[in-house]
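Please keep the sequence and the model in view while reading.

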Amino acid sequence: MLARELVSIAMAAVVAAMPVSASAACEGLVDGPRGVVASVRDGDTVVLDTGMVVRLIGTQAPKLGLGREGFSAWPLADEARLALERLVLGKPVRVRHGGARTDRHGRTLGQVFLTGQPETWVQQQMIAAGWARVYSFPDNRACVPQLLAAETQARLNKLGIWADPYYLVRRADRPDDFAGRPGYYELVEGRVLKADRAQGRVYLNFGRSWKQDFTAVIDRAALGLFARDGYDAEQLEGALVRIRGWMDEIDGPRVEITHPEQIEVLRAP
């Protein structure tokens with residue numbers, strides 16, 4: 001599987017460098033509602049003229065405070081909202097679904113396309129400009145390879161958020177850098193020192209001390225998704241990978257893996 005994963009990454013990088021028809025960029029989506037964007041709440045949420053609130057699935061823009069008590073806006077949150085506003089405000093869009101269609105907040109989930117000839121894929125544009133990161137879910141995995149390719153190019157070019165240290169890709173071999181980061185969404189790169197199965201989970205250890213070093217934990221449900229994709233997570237031992245997810249602090253810094261797209265294989269063992 002690792003070889004196939006590397007080929008997928010290489011192909012995605014080629015796709016990112018080429019002009020792509022939005023309608024062909026991510027196949028297999030199901031047409032959903034249409035509307036005109038009436039307002040933009042933040043860098044990944046819009047409201048249509050029908051009153052429908054649409055979350056741009058597959059992306060995570062810097063979060064605004066939006067009146068939440070005790071929550072501080074992330075750096076460049078206003079800039080990300082303005083970038084999305086410039087792209088879509090007052091324009092007709094089509095929502096297409098590739099997984100769960102609503103979330104627990106009642107928002108519609110989907111890939112959003114500006115209608116026209118050709119169409120413009122909004123998520124890809126926001127990520128390619130550096131105003132959002134890739135952020136997928138176990139029940140919404142469509143289009144991730146194409147979005148990861150766009151993110152890689154934006155990061156290499158230090159566009160948008162990638163010029164701010166807040167969003168830097170952290171090194172797994174520097175666990176002290178994670179001090180104060182529990183509750184933050186992070187990208188972490190490093191070589192898997194050991195992949196170990198225990199109590200129905202797979203632990204990807206990036207250091208010799210599992211009590212102190214960074215660990216990625218693949219839960220039982222996620223292992224079912226890995227198996228369905230023909231992906232043996234234990235074969236990641238020795239691989240150079242990039243992990244993305246929410247940081248917590250249980251026996252050292254760690255990220256819980258709920259689906260395969262949270263792990264990018266950068267180099268096979």
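The model is a predicted one. The protein contains six helices and 16 strands. Of its 269 residues, 48% are buried. Among contacts with a separation of 6 or more, 61% are between residues 24 or more positions apart. The accessible surface of the protein is about 12600 Å², and carbon and sulfur atoms account for 51% of that area.

A place to begin is strand E6, which covers residues 108-114. Seven of its seven residues are buried, and the strand is mostly covered. Several other strands pair with E6. Strand E3, residues 53-56, runs parallel to E6 and is joined to it by three bridges. Val-54 has Thr-108 as its bridge partner in E6. Strand E5, residues 92-97, pairs with E6 in the antiparallel sense, over four bridges. Here the bridge partner of Arg-96 in E6 is Gln-111. Strand E7, made of residues 120-121, is also antiparallel to E6, with two bridges between them. In this pairing Leu-114 stands opposite Thr-120 of E7. E6 and E7 form a hairpin with five residues between the strands, and in this hairpin Gly-116 has a positive phi near 140°.

Next comes helix H5, residues 144-156. With 13 residues at 1.5 Å a residue, H5 should span 18 Å, and its end C-alpha atoms are 18 Å apart, so the two values agree. The expected span is 1.5 Å times one less than the number of residues. The buried residues of H5 are Val-144, Leu-147, Leu-148, Ala-149, Ala-150, Glu-151, Ala-154 and Arg-155. In an α-helix there are 3.6 residues a turn, so residues three or four places apart point the same way. After H5 comes Lys-158, which has a positive phi near 55°. Arg-155 also takes part in a contact with a ring: its charged end sits over the ring of Trp-162, 5.3 Å from the ring centre.

That leads to the aromatic residues. A pair of aromatic rings is described by the distance of the centres and the angle of the planes. How many aromatic pairs are there? The count comes to 11. In one of them, the ring centres of Phe-178 and Phe-214 are 5.5 Å apart and the planes are at 25°, so this pair is stacked; planes under 30 degrees apart count as stacked.

Tyr-185 belongs to strand E10 and Trp-246 to strand E14, so the pair ties together parts 61 residues apart in sequence. Are these two residues buried or partly exposed? Tyr-185 counts as buried, at 5% relative accessibility, whereas Trp-246 is partly exposed, with a relative accessible area of 33%. Ring pairs also link Trp-74, Tyr-166, Tyr-167 and Tyr-184 into a cluster. Over the ring of Tyr-184 sits the charged end of Arg-181, 4.0 Å from the ring centre.

Strand E14, residues 240-249, holds Trp-246 and is joined to strand E15 by three bridges, the two running antiparallel. Asp-248 stands opposite Arg-254 of E15. Three residues lie between the strands in the hairpin of E14 and E15, where Asp-251 takes a positive phi near 55°. E15 covers residues 253-257, and four of its five residues are buried, so it is largely enclosed by the rest of the structure. E13 runs parallel to E15, and four bridges join them. Val-217 stands opposite Glu-256 in this pairing.

The walk ends at Pro-269, in the segment after strand E16. Pro-269 is exposed, with a relative accessible area of 59%. Pro-269 and Val-192 are 77 residues apart in sequence, and their C-alpha atoms are 8.9 Å apart in space.

Terms used: Residues are numbered from 1 along each chain as its sequence is written. This is a predicted model: local features need pLDDT of at least 70, side-chain atom pairs count only at pLDDT 80 or more; totals for chains, interfaces and linings use all residues. Side-chain values use heavy atoms; hydrogens and water are left out. Buried means under 20% relative accessible area, exposed over 50%, partly exposed in between (1.4 Å probe, protein chains only). Contact means heavy atoms within 4.5 Å. Accessible areas come from the Shrake-Rupley method with a 1.4 Å probe; for residues, only the protein chains shown count as cover. Two strands pair if DSSP finds at least two bridges between them. Rings of Phe, Tyr and Trp (its six-membered ring) pair if their centres lie within 6.5 Å; planes under 30 degrees apart count as stacked, over 60 as edge-to-face and the rest as tilted. A charge sits over a ring if NZ of Lys or CZ of Arg is within 6 Å of the ring centre and within 35 degrees of the ring normal.
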